Amino acid sequence: MSLTPTASILFASALALVVWWASTGAILWLVRAGDRHARATVIGATVVGLTALIGLAYAARMGGLAGVYLGFGSALAVWGWHELLFLMGRVTGPRRLPCPPGTRGWRRFVLSTQTVIHHEIALAVTAALALALTWNQANPTGTLTFLLLFALRLSSKLNIFLGVRNPPVALLPEPIRYLAGYFRRAPMNTLMPVSLIAALALTILLAAVALNPASALSARVGASLLAMLSLLGLIEHLFLMMPSPDRALWGWALDRKAIPRAPVLATTGDPEP
């Protein structure tokens, strides 16, 4: 029995929420388990990621809801592959040292970039490949999903560099815990309001497409999936400015031992931008 359009949209939104929560936790758990089975984890994730790229290209040529869900799932699998390799310290950048004390301004930006540049290049290359594989095809859901995740993550990283109240130190696994030294604590930065407004506007725009009865059901469901991801990205940005519920959301996937406090760059009153 097929769902009504309203039920289909609600189902898609709920699915995106559950997948966001479960996939984030699964990646954190795999990173922790990777300490014992690193080689197998990397090989398995790479096989899944490359297979998902093929799935993304195939889904772009499909019509209907099946193509929308396949594209969405494939994009998330490709994204998870990149995140897993990053969190395991396999694809980060040429610099793998803490930030020198007192480093500020442009020098800190250069050093921060050196810690993650390989990861950023890998994401950009994958985004370009996804565009090339799906250009002018009937179903852009997969590519749009990956591009949205890329944009939201880049915004988060820039905000963390500029300064947020609660940098996500607790989510940094051991292989990349040195990155905490490049974070900065601040009550607000100039980019954060722009990021919040942009994410909110995008969420509203996508929700309007999802709720438009004149659009095809597949387009409405695809917009629902993207709208929920955009809303979750907005919430993740808000988490950076308030006590984060990371432990409550993903405590089952994190190391049960207390994470030692890592050095985080300075605080209120720092004139750095």
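I looked up Phe-109 first, in what is a predicted model, and found that Phe-109 counts as partly exposed because its relative accessibility is 31%, where buried would need under 20% and exposed over 50%.

**Entry: the nonpolar patch.** I then looked for the surface patch to which Phe-109 belongs, and found that Trp-106, Phe-109, Leu-154 and Leu-158 make a nonpolar patch of about 410 Å². I noted that helix H3 (105-134) and helix H4 (141-162) are the elements that give two or more residues to this patch. I checked Leu-154 in particular, which has its place in helix H4 and counts as partly exposed because its relative accessibility is 39%.

**Entry: the aromatic rings.** How many aromatic pairs does the structure hold? I read off four aromatic pairs, and I followed one of them, Phe-109 with Phe-161, whose ring centres lie 5.6 Å apart with planes at 75 degrees, so that the pair is edge-to-face. This pair links distant parts of the chain, since Phe-109 is in helix H3 and Phe-161 in helix H4, 52 residues apart. Together with Trp-106, the residues Phe-109 and Phe-161 form one aromatic cluster.

**Entry: charges over rings.** I went on to ask which charged end sits over the ring of Phe-161, and I found that it is the charged end of Arg-108, at 4.1 Å from the ring centre. I noted a further case at Phe-86, where the charged end of Lys-157 sits over the ring, 5.3 Å from its centre.

**Entry: the salt bridges.** I counted three salt bridges in the structure and took them in turn. In one of them Arg-153 is bridged to Glu-83, with the closest N and O atoms 2.4 Å apart, and this pair links distant parts of the chain, Arg-153 being in helix H4 and Glu-83 in helix H2 (residues 64-87), 70 residues apart. I looked up both partners for accessibility: Arg-153 counts as partly exposed at 25%, whereas Glu-83 is buried, with a relative accessible area of 8%.

I came back to Lys-157, whose side chain meets that of Glu-120 in a salt bridge of 2.2 Å, N to O. Because Lys-157 lies in helix H4 and Glu-120 in helix H3, this pair ties together parts that are 37 residues apart in sequence. Lys-157 is partly exposed, with a relative accessible area of 23%, while Glu-120 is buried, with a relative accessible area of 15%.

I then turned to Glu-174 and Arg-177, whose side chains meet in a salt bridge at 3.0 Å, N to O. Here I found that Glu-174 counts as exposed at 54% relative accessibility, whereas Arg-177 counts as buried at 18%.

**Entry: Thr-203.** My last entry concerns Thr-203, which I found in helix H5 (residues 191-210), and which is buried, with a relative accessible area of 11%. Which backbone oxygen does the side chain of Thr-203 reach? I traced the contact to the backbone oxygen of Ala-199, which the side chain of Thr-203 reaches at 2.7 Å.

Key
Residues numbered from 1 in each chain as written. Predicted model: local features only at pLDDT ≥ 70, side-chain atom pairs only at ≥ 80, totals over all residues. Heavy atoms only, no water. Patch = residues over 30% accessible without salt bridge, like charges linked within 9 Å, V, L, I, M, F, W, Y side chains within 5 Å. Areas by Shrake-Rupley, 256 points an atom, 1.4 Å probe, with all protein chains shown as cover. Salt bridge = Lys/Arg side-chain N within 4 Å of Asp/Glu carboxyl O. Helix = DSSP H or I, 4+ residues; strand = E, 2+ residues; numbered from the N terminus. Buried < 20%, exposed > 50% of the residue type's maximum accessible area, 1.4 Å probe, protein only. Phe/Tyr/Trp six-rings, centres within 6.5 Å; stacked < 30°, edge-to-face > 60°. Lys NZ or Arg CZ within 6 Å of the ring centre and 35° of its normal. Polar contact = N/O pair within 3.5 Å; in protein donor to acceptor, adjacent residues only side chain to side chain.
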